[in-house]
Structure formats: structure tokens, C-alpha cells
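Okay everyone, I've got one model to show you today. Let me put it up and then talk through how its pieces pack.

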Amino acid sequence: MGFKIAVAGATGNVGREMLSILAERGFPADEVVALASSRSVGKEVSFGDKTLKVKNLENYDFSDTDICLMSAGGSISQKWSPKIGAQGCVVIDNSSAWRYDSEVPLIVPEVNPDAVEGFTKRNIIANPNCSTAQLVVALKPLHDAATIKRVVVSTYQSVSGAGKDGMDELFNQTRAVFVADPIENKKFTKRIAFNVIPHIDVFMEDGYTKEEWKVLAETKKMLDPKIKVTCTAVRVPVFIGHGEAVNLEFEKEITADEARDILREAPGCLVVDKHEDGGYVTPVECAGEDVTYISRIREDATVENGLALWVVSDNLRKGAALNAVQIAELLVERNLIKPHATT
Ligand SMILES: NC(=O)c1ccc[n+]([C@@H]2O[C@H](COP(=O)([O-])OP(=O)(O)OC[C@H]3O[C@@H](n4cnc5c(N)ncnc54)[C@H](OP(=O)(O)O)[C@@H]3O)[C@@H](O)[C@H]2O)c1
């Protein structure tokens, strides 16, 4: 007997990717239900070689559903996740609504799988921000080896991180530049076509943006509260795939060769690091891939025990949908949930 899974936000960038990853990985589901807003009721979305008709989240009864993969945004999650959890369905949420709640585990299965057991307090598990997910996959094995003291990270984030409206804006503005049409900024604060914008999410009192704060708070929650993190988050005109330039300071000595060997063996990581033209991975190449690519590993002589790296991953997969499905797999592998139909 398999599980009954709902995907809420199934018409969105992340929701569609969740459906295809559930099918690709053969998740043990007897039934998969696609949910979105009333606007999308009756629309069709793909699930492997099948199509599913979208139902309305508002009218859906979760009492016989085992897991809800939620990717419908923060305010929807804030309203619905506690109600869904109270009906006995475990919510794995992609928004930032629950990530910093001490009663909600924030999980990247390669980094802190044991923390998942804390989900029973609220029946909610949080998925990290896309930039944090790929960052901690690369940092965890290095932290275990030489203890990271400080992280300086600059992100190069694709427009799909801002949902399907973000992708449409890059497409429409790029077209408008070529045909000399007027350029409209709706989703982003400045033109994104042929430009970069050093501003993602709202500004906070200290001048950092919320996106930058999320990388700091989530790295501390999942990896180690003692690590110091500073971040500059930048939106770039790329459709899929986030890049990150990362500078690390360690407590113990670690060479670039040692780091390369450690990362070659680490779960979820793939090292592509040849010191030649094209011997590194760029966002376009990581789209549709599951791993986090690490390139440009080198010693940073400006600090004691310093390393610099370039980290790239598909933000819709490891940064969102894949990580959520991996969390669902973790619940099943560890026997932490049973299908409702058998209870
Ligand atoms: N994109 C990323 O890289 C990424 C990474 C990590 C986390 N996330 C998070 O994942 C969530 C979804 O992101 P996305 O990129 O997939 O956004 P998106 O492409 O804009 O899709 C949003 C989804 O939410 C649904 N939705 C909106 N209002 C709703 C309502 N009132 N009731 C039910 N469903 C509703 C939409 O359905 P309709 O089509 O019916 O409007 C759509 O399916 C966000 O919280 C985002 O922060 C995204």
C-alpha cells in the first residue's frame, strides 16, 4: 500500500518540478493530487506520462492524504499548513513561513537528516531557501573536516527563483530590447534583461535584504549556530540555476587539494574543477540536474586557513522541489510515517 501525496502550488515553477521529480524517482505513491488556487481548477499538469486535473486547495480534504508538498507561497502556507498538519497530513513547505520556527525542522537531507524527527510537534517540515540549500550541501563536508568559522557568499540568482512571473519578465524584457518596445518592470524593481540587480526580497533595518538574512539564519540553523555568515544576494538574467561565489575561513588548515578530495566523496556534490577554459560549471549546464556542482576550488591567502569556491545548482530542483521530495523519502525510509490507508 503506497502513500497519498498532494502537491499544493502544482501549476507553479516549483510545483511542476515536484510532480516530475516524484515521477522520476518512483516515489511510493498510490495517488498524487495536484492543487492550486481557484484560478487553476480544471487545468492539466503533467505527472510522468499522466496528466492530473488541478483541484482547489481551499476545498480539499486532507484527512486521508499522507504528505502535502506545499509550494504556494508564504502567506498561503501560513494560513493552510497548520490546518493541514492538524488533519494528520505532514506538510513539507517551500516558503519561508516556518523555517525559523523552533518547533519546525529545517532540513537538507545531506546535511541534517536526523533533525527531521522533530516534525511531529506541528506536522510541518521546512525546506530552505534555494541559495542556502546548495550552499550547505557544499559546506557540510568541509565543516566536518576543518570547522568553518566564517562564510562570505555572493549569490548570482536566476529569475525562476522569483516564480513563473520572474521568468516571463526576463523573456518579455529581452524581446522588448530587441524589437525596441517599451520595457516594463513589474516583478523586479529594475530592468533585469541585460542587467543585474543587487536586491532580492525586502530591505531590513540593518541594510541587508531578507534574502541575505535567510542565508545567514538558515545556515546557522542547519549547520552550526557558531558559523558567521555574510551574504550579498544578486538577481541575474539567467532563467534557471543559481551560482555562488563563496569565501571560507576555517579553524583548521585545509588545502584546496584536500577540499577537492573531500567534496568528490560528499553526497549531493560533484566537483568539476579543471584549471582550463570551460573547466567549471555554469548555471545553464546545471539546469535539470540534481547535484550541486563545485568548481574553482582554491586557497585564499588573504586569511588564515582560507578557501574560495564556486557553487552552482538548479534552484528549482536542489533549491526547492528535489530537496522537498528527498525529505518525503527520508520520512518513508525512516518509517516516520505510514500510509493513512493502512492505519
Ligand atoms: N523558485 C524557486 O527557486 C524557489 C526556491 C525555494 C522556494 N521557493 C518557494 O516556493 C514557493 C512557490 O514558488 P514558485 O517559484 O513555484 O512560484 P510560482 O511559479 O509563482 O507558483 C505559485 C504557485 O502557488 C499557487 N497559488 C498562488 N496563490 C494560491 C492560493 N491562494 N491558493 C492555492 N494556490 C495558490 C499558484 O497557483 P495558480 O497558478 O492557481 O495561481 C502556483 O501554483 C514560494 O513560496 C517560493 O518562495 C521557490
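When I say contact, I mean heavy atoms within 4.5 Å. Housekeeping: this is a predicted model, where local features need pLDDT of at least 70, side-chain atom pairs count only at pLDDT 80 or more, and totals for chains, interfaces and linings use all residues. Residues are numbered from 1 along each chain as its sequence is written, and side-chain values use heavy atoms, with hydrogens and water left out.

So, domains, with bounds from an automatic or database domain assignment. Domain 1 is 3-127 + 321-333, and domain 2 is 131-315. Their C-alpha centres sit 25 Å apart, and the contact takes 16 residues from domain 1 and 18 residues from domain 2.

Now helices, which are DSSP runs of H or I, at least four residues, numbered from the N terminus. Take H3 (residues 130-146) and H5 (residues 210-222): their axes, lines fitted to C-alpha atoms over the stretch in contact, come within 9 Å and cross at roughly 40 degrees, on a scale from 0 to 180 degrees between N-to-C directions. On the H3 side you've got Ser-131, Thr-132, Leu-135 and Val-136, and they meet Glu-211, Lys-214, Val-215, Glu-218, Thr-219 and Met-222 in H5. Sorted by type, that contact has 4 nonpolar residues (Ala, Val, Leu, Ile, Met, Phe, Trp, Tyr, Cys and Pro count), 3 charged (Asp, Glu, Lys and Arg) and 3 polar (the others, Gly among them).

Last pair: H1 (residues 13-24) packs with H8 (residues 317-333) at about 50 degrees, axes 9 Å apart. Their contact residues divide into 9 nonpolar, no polar and 3 charged.

How values were computed. Helices (H or I, at least four residues) and strands (E, at least two) are DSSP runs, numbered from the N terminus.
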